[in-house]
Amino acid sequence: MVEREALDEPMRRHECRRGTHECVRHDVNDCRDLEFKLVYHPGYDLNLGEHVFPSKKFGLIHDLLLQEGTAEPSDFVEPEPAADEDVLLVHGLGWVERLRTGTLTMDELLTLEIPYSEAMIRAFWLATGGTILAARNALRDRLGFNLSGGFHHAFPDHGEGFCAIHDVAIAVLKMQKEGLVQKAMVVDCDVHHGNGTAGIFAGDNSVLTLSLHQYNNYPSEKPPSTIDIHLRDGTGDEEYLSRLREACHVAIEGFRPDLLMYIAGADPYFDDQLGGLALTMEGLMARDRLVFEMARSHDVPVAVTLAGGYARNVMDTVAIHCNTVKAARDAYHS
Ligand SMILES: [Zn+2]
């Protein structure tokens, strides 16, 4: 879990494997290099204001990682916005044009559930560029990490539930198109079912979709993923972890993917406003570790995206996402 007390510690200059620098980690053994890049852009903020989706979380995650000494400025890389050509690998031209030109119908806006702005559109294109870059980084470094993305409710011709375009599906199809991977597997641990992912990859045997979610929650219609784990309301750490372990094991052993896209939603947390599972912060970090260790032991590169998180206290959501970085740091060190 996040060490909140560390934030009250003064920054001190010390020397460790990273060289001489200032951070709050006074135990040099605690100050471990990140062996992967964190893809981030200040433009990730979807500009939603007081919306239940705390779109300022992306900047807060970036800042907390630096403050805690988990990351250094040199660990971050900025993505380019995705090219429309890449977005069109998944989405229809009409949908892309209506997003680009601000000509969505009232029905489309209501289904999307976020207010339209140019900044919002730019943020989705940047997040998608970020997930593409994280997938590339995963193939190079074994782990790629986008500090946004996971917009798993987007469909080819419409957006839903705060998701305008499906960054993860776009990144998978782009990696396949470039011949960098043949088989990809999506492990979706957001509390909400990955309906967009299931819809996009239905009938595509080259992509295995695994969604572990609360059954009695959005979306009401759940098109079948390759593997769906429907969890009861109030499912806690122990059952969640054992169901994930079993499903992940079966999928990875049977399918042998070339790339794993991990959608690390923070919303299975017990104090989430849009979730009804009961995971603790420790349970969520154990979940992250489980995915990373399983992928690592099977030598499968992993690209991480963040997806949802609506804790009553936004800093809980931020801490859960930062813990995913720490779990990755601990799993991927030489
Ligand atoms: Zn969610």
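In this predicted model, the crossing of helices H9 and H10 is right-handed. Two packed helices are described by the angle between their axes and the distance between the axes. For H9, spanning residues 237-255, and H10, spanning residues 281-297, the axes come within 10 Å and cross at roughly 15 degrees. Angles under 35 degrees count as roughly parallel, and H9 and H10 are therefore roughly parallel to each other. On the H9 side, the contact is made by Asp 237, Tyr 240, Leu 241, Leu 244, Arg 245, Cys 248, His 249 and Ile 252, while H10 contributes Gly 283, Ala 286, Arg 287, Leu 290, Val 291 and Met 294. Sorted by class, the residues in the contact of H9 with H10 comprise nine nonpolar, two polar and three charged ones.

Strand E7, which covers residues 207-214, has eight of its eight residues buried, so the strand is largely enclosed by the rest of the structure. Strand E6, formed by residues 184-188, pairs with E7 in the parallel sense, and the pairing extends over five bridges. Within this pairing, Val 186 has Thr 209 of E7 as its bridge partner.

A further helix, H11, runs over residues 314-331 and includes Met 315. Because 15 C-beta neighbours lie inside 10 Å of Met 315, this residue counts as partly exposed. Although Met 315 and Leu 64 are 251 residues apart along the chain, their C-alpha atoms are separated by 9.6 Å.

Key:
Residues numbered from 1 in each chain as written. Predicted model: local features only at pLDDT ≥ 70, side-chain atom pairs only at ≥ 80, totals over all residues. Axes fitted to C-alpha atoms, helices over the stretch in contact; angles between N-to-C directions. Helix = DSSP H or I, 4+ residues; strand = E, 2+ residues; numbered from the N terminus. Parallel < 35°, antiparallel > 145°, perpendicular 65-115°, else oblique. Left-handed = near helix turned anticlockwise from the far one by under 90°. Contact = placed C-beta atoms within 7 Å. Nonpolar A, V, L, I, M, F, W, Y, C, P; charged D, E, K, R; others polar. Buried ≥ 20, exposed ≤ 12 C-beta atoms within 10 Å, placed from the backbone. Pairing = 2+ DSSP bridges.
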